[in-house]
Amino acid sequence: MKILVIGSGGREHALAWRIAKSPRVHKVFVAPGNGGTQRAANLENVALSSPQELADFAVREGVALTVVGPEAPLAAGVVDHFRSRGLKIFGPTKAAAQLESSKDYAKAFMVRHHIPTAAYGTFTDPQAAHAYIDEQGAPIVVKADGLAAGKGVVVATSLEEAHAAVDAMLGDGSLGEAGARVVIEECLVGEEASFIVMCDGRHVLALATSQDHKRLQDGDLGPNTGGMGAYSPAPVVTPEIHHRIMREVILPTMQGMSRDGVPYTGFLYAGVMIAPGDDPDRAIKVLEFNCRMGDPETQPIMMRVKSDLVDVLEHAIDGTLDRADIVWDRRTALGVVLASHNYPNTPRTGDLIEGLPADADDCMVFHAGTTMTDGAINTSGGRVLCVTALGDSVRMARERAYDTVEQVRYDGRQYRSDIGWRALKRPPAKK
């Protein structure tokens, strides 16, 4: 079989790496890919981007199925285009992808279908937005309505910060169309987890739980980023909490989309805030939906997959996910993101990366913002690499990952030194 993975980030490198391990797969194409997928012997980059080009390529090469990684092609309707040509592809339609491409759509959907989420208001008029902030007080969360590549959320701890965020999004146009409308929400308190499932329109298969680290600096300080590291499983998602998320969030979302005439297929990511404490009935609220796997959560999740992922993807495309299952490695996987100088503002690119280790089944360096020229790997984006390792405990996975981080060198490298800290603060589970 030939498989096509659409995207260029660490998520797509991890998906392609796992898919390529299937004995049924002859070739995995990545469009457009990055330096890491280019240097991998069993992956091949293809410089394509538009739905038309990608579909033409899939026909020409006899691609058996396509997996969409990032949000932009989904919002552009790549799934609709492939399906119109009879091509197998895993992802939501353009209409279904509004769960991510419009924060306002997602919030209205959740309210309509009684899915727990933060109280909110939506605004296009700056004056009305400012008045709402003054009325609600701080802390408060300001979100650009559209896709903003991980830069459209400000968790404001003061009124001044909230007002500045509104001015930046509605005023100066720096976020373009994404910031033409803002969603302002109450600031939820608790522990956030990433709950990702595969959907075939009717059935759902939950993936391993995970937790990422959104802030740039240790101790969850500094600006929000696309994610500075992640680990799987997430201890905060106990079996009871898992059951509640499925019952209160995932299944109502699937049923709601169907009732709205937009059946949901593809990966669905629910970012959930779990209230503090140990009460199994404590509040669970949805912070956001993503219509794709998270990045960097995908990297540790893919490290733990022991099944043939292609079999599961085929079931998902064919509407038979109820017949699929995934066997998970019992070990913990932990990934540390290495970012470039001045990320997340205006990242510097073009720095030479040295010390990259050989790939190993229990430790992988997944590439995101890299390019390869004449055998040399250079930085080309904000989040550059995700060093991901397996270990018999969070502590062991973390030690292995950070040992590898120390080998990888480039000018301006920055990373957090505390990935997994929430899990390590927890007491050992009773046996």
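I began at Cys-199 and looked for its bridge partner in E11, which is Val-204. I note that this is a predicted model.

**The sheet**

I then looked at how E10 (residues 191-200) and E11 pair: the sense is antiparallel, over three bridges. Strands of a sheet pair through backbone hydrogen bonds, either parallel or antiparallel. I traced the whole sheet next. It is open, has four strands, and runs in the order E11-E10-E16-E17 with antiparallel pairing. Strand E11 (204-206) and strand E17 (284-290) stand at the edges. Each has a single partner strand, so one side of each is left without a neighbour in the sheet. I also looked up the twist, which averages 30° from one strand to the next.

**Helix H3**

Which residues of H3 (residues 51-61) are buried? I found Leu-54, Ala-55, Phe-57 and Ala-58. They lie on the same side of H3 because they cover an arc of only 160° around the axis. I checked what these buried residues pack against: strand E1 (2-7), strand E2 (27-32) and helix H5 (78-84). After H3 comes Gly-62, with a positive phi near 65°.

**The cores**

I turned to the largest nonpolar core, which has 50 residues. Among those with the most contacts inside it are Leu-4, Phe-82 and Tyr-264. Helix H10 (residues 239-259) gives the most to this core, with seven residues. Another core, of 39 residues, lies apart from it and includes Phe-267, Met-293, Leu-321 and Phe-366.

Not counting residues up to four places away in sequence, Leu-4 touches residues including Phe-29, Leu-54, Phe-57 and Phe-82. Two of these, Leu-54 and Phe-57, I had already noted as buried in H3.

Conventions
Residues numbered from 1 in each chain as written. Predicted model: local features only at pLDDT ≥ 70, side-chain atom pairs only at ≥ 80, totals over all residues. Heavy atoms only, no water. Buried < 20%, exposed > 50% of the residue type's maximum accessible area, 1.4 Å probe, protein only. Helix = DSSP H or I, 4+ residues; strand = E, 2+ residues; numbered from the N terminus. Arc of directions from axis to C-beta. Contact = heavy atoms within 4.5 Å. Core = buried A, V, L, I, M, F, W, Y, C linked by side-chain atoms within 4.5 Å. Pairing = 2+ DSSP bridges. Axes fitted to C-alpha atoms, helices over the stretch in contact; angles between N-to-C directions.
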